[in-house]
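I opened this model to look up its sheet, its nonpolar cores and its aromatic rings. My entries follow in the order I made them.

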Amino acid sequence: MSGKERVVFLDRAAFTADDLPIPSFDHNWSEYPETDTADIVPRLFWATTAITHACPIGAEAIEQLHKLTRIVVTGPATVDVDACEARGIAVRNLTAGEAPEQTLVGLLEMLVDETRR
C-alpha cells in the first residue's frame, strides 16, 4: 500500500485519552467527539480507516468513500456489512469486555500490517 494511513474516529467522546491512546504506527489521525449523519462522508472522504462507536455507517455513505479499506466498530454502531463486502471494506468489531486501549490499537496495527503485505 502506498501513502500514509488516514484514520478517522467519528465519535471519540465515548473514550478518554487514557482509555484509548492514539496508535503509534505511521498515520494521520483525526477525531471528533461526535458526528452527525450529514458529516459522515465529508469526515471520512480521505480516510483509509474509520472508527465508530455509535455513529452508524450506511450503504449510501459507503458508496462514496473510495479510499476506505476498513471500519472498526467499538460499540453499538451499525454498519452496512453487505455494502462493505461489495466494496472490499473489512469490518471488525471489538468484543464486549475487551480492553479498548489494547484491543483497538492492536487491531489497527494488525489490519494495517495485513494491508501492507
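**Sheet**

I began with Phe-9, whose bridge partner in β3 is Ile-51. I note that the model is predicted, that local features need pLDDT of at least 70, that side-chain atom pairs count only at pLDDT 80 or more, and that totals for chains, interfaces and linings use all residues. Residues are numbered from 1 along each chain as its sequence is written, and side-chain values use heavy atoms, with hydrogens and water left out.

Strand β1 (residues 5–9) and strand β3 (residues 49–52) run parallel and are joined by three bridges. Helices (H or I, at least four residues) and strands (E, at least two) are DSSP runs, numbered from the N terminus. Two strands pair if DSSP finds at least two bridges between them.

I then traced the whole sheet: it is open, has five strands in the order β2-β1-β3-β4-β5, and its pairing is parallel. β2 (27–31) and β5 (90–93) are the edge strands, each pairing on one side only. From one strand to the next the twist averages 15°; axes are lines fitted to C-alpha atoms, for helices over the stretch in contact, and angles run from 0 to 180 degrees between N-to-C directions.

**Nonpolar cores**

Which residues have the most contacts inside the largest nonpolar core? I listed Leu-44, Ile-57, Ile-62, Leu-68, Ile-71, Val-79 and Cys-84, in a core of 21 residues. α1 (40–44), α2, β4 and α3 (81–87) each supply at least two residues of this core. With three residues, α1 gives the most to this core. A second, separate core has eleven residues, among them Val-7, Phe-9, Phe-15 and Phe-25. A nonpolar core here is a set of buried Ala, Val, Leu, Ile, Met, Phe, Trp, Tyr and Cys residues joined through side-chain atoms within 4.5 Å. Buried means under 20% relative accessible area, exposed over 50%, and partly exposed in between (1.4 Å probe, protein chains only).

**Leu-68**

I looked up Leu-68 in the loop between α2 (59–62) and β4 (70–73). Leu-68 counts as buried because its relative accessibility is 4%. Leaving out residues up to four places away in sequence, Leu-68 touches Ala-47, Thr-48, Thr-49, Ala-50 and Ile-89; contact means heavy atoms within 4.5 Å.

**Cysteines**

How many disulfides does a search of the whole structure find? I found zero, a disulfide being a pair of cysteine sulfur atoms within 2.5 Å. Cys-55 is buried at 5% relative accessibility, and Cys-84 is buried at 0%. Cys-84 touches Ile-62, Ile-71, Val-79, Ile-89 and Val-91, not counting residues up to four places away in sequence.

**Aromatic pairs**

I counted two aromatic pairs. Rings of Phe, Tyr and Trp (its six-membered ring) pair if their centres lie within 6.5 Å; planes under 30 degrees apart count as stacked, over 60 as edge-to-face and the rest as tilted. Phe-9 and Trp-29 are edge-to-face, 6.5 Å centre to centre with 75° between the planes. Phe-9 is in strand β1 and Trp-29 in strand β2, so this pair ties together parts that are 20 residues apart in sequence. Phe-9 and Trp-29 are both buried.

The ring centres of Phe-45 and Trp-46 are 5.2 Å apart and their planes stand at 90°, so this pair is edge-to-face. Phe-45 is partly exposed at 37% relative accessible area, while Trp-46 is exposed at 53%.
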